[in-house]
Amino acid sequence: MLTRLVYHSENHLGAADGKMIAGLNAIMDASNRNNQRDGITGALLFDTLWFVQILEGERDAVSAALRRIMSDDRHDAVTIMDARPASERLFGNWWMGLALLRDEHKTVLARHGLAKLDPRKMPGEQAIALALELAQSGLNRRLTPTAA
Ligand SMILES: Cc1cc2nc3c(=O)[nH]c(=O)nc-3n(C[C@H](O)[C@H](O)[C@H](O)COP(=O)(O)O)c2cc1C
């Protein structure tokens, strides 16, 4: 059964510097490798304080990925925002696509009723809609060191 799960968590990678970018890229490399193997697609939104991730795939595969992700000390306080059966993939082009949220995304966030990314107040559907709009202008496979 195809399932879509949305969660948020708190970043433990540190502030916006080269080390954070390297940490993010290590996560993205493992995600793309494993998700391709496991038939998982999705998006990862990151604003240096918060992660919001959408995982879609077979329920067993998504559950196994979530168990690994939850025990990862590069973040903390993993909180499920939504999980339900899905009839189709929304992020089928991305084993995992990354969106690093910056000032230039303010207008996109505002269109979704948000001054900034605060996933504690965000329904899962809102996170999915935001990720879909960000995906329209392209997500990242990984970041270049200058992205910080
Ligand atoms: C915010 C965040 C998102 C992650 N997303 C994924 C993911 O989509 N898929 C995945 O396999 N691992 C993901 N990981 C990494 C896992 O926690 C874990 O390190 C990895 O799956 C281990 O893979 P390996 O045994 O191949 O090294 C994520 C980690 C963090 C902190």
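Here is a quick briefing on the fold, the sheet and the ligand shell of this protein.

What you see is a predicted model, where local features need pLDDT of at least 70, side-chain atom pairs count only at pLDDT 80 or more, and totals for chains, interfaces and linings use all residues. Residues are numbered from 1 along each chain as its sequence is written.

**Overall build**

- The protein has four helices and five strands; these are DSSP runs numbered from the N terminus, with helices being H or I over at least four residues and strands being E over at least two.
- Starting at the N terminus, the order of elements is β-α-β-β-α-β-β-α-α.
- Its radius of gyration (taken over C-alpha atoms) is 14 Å, close to the 15 Å that the globule rule (2.2 Å times the number of residues to the power 0.38) gives for 148 residues, so the protein is as compact as a globular protein of that length.
- The C-alpha trace spans about 40 × 30 × 25 Å along its principal axes.
- Of the contacts with a separation of 6 or more, 80% join residues 24 or more positions apart; a contact means that two C-beta atoms, placed from the backbone, lie within 7 Å.

**The sheet**

- Five strands form an open sheet in the order β4-β1-β3-β2-β5, with mixed pairing; strands pair if DSSP finds at least two bridges between them.
- At the edges sit β4 (75-85) and β5 (97-100), each pairing on one side only.
- From one strand to the next, the twist averages 15°.
- Strand β1 (residues 2-11) pairs with β4 in the antiparallel sense over eight bridges, and Arg4 has Arg84 in β4 as its bridge partner.
- Helix α2 packs on the sheet and touches β1, β3 and β4, with its direction at about 150° to that of β3; axes are lines fitted to C-alpha atoms, for helices over the stretch in contact, and angles run from 0 to 180 degrees between N-to-C directions.

**A look at Leu100**

- Leu100 belongs to strand β5.
- Leu100 counts as buried because 20 other C-beta atoms lie within 10 Å, and the cut-off is 20 or more, with C-beta atoms placed from the backbone.
- Leu100 and Phe51 are 49 residues apart in sequence and 9.7 Å apart in space, C-alpha to C-alpha.

**Around the ligand**

- The ligand is surrounded by 17 residues (C-beta atom, placed from the backbone, within 6 Å), and the closest are Ser31, Asn34, Arg68, Asp72 and Arg74.
- Two or more shell residues come from each of α1 (18-38), β3 (50-58) and α2 (59-70).
- The biggest share is from α1, with five residues.

Conventions. Buried ≥ 20, exposed ≤ 12 C-beta atoms within 10 Å, placed from the backbone.
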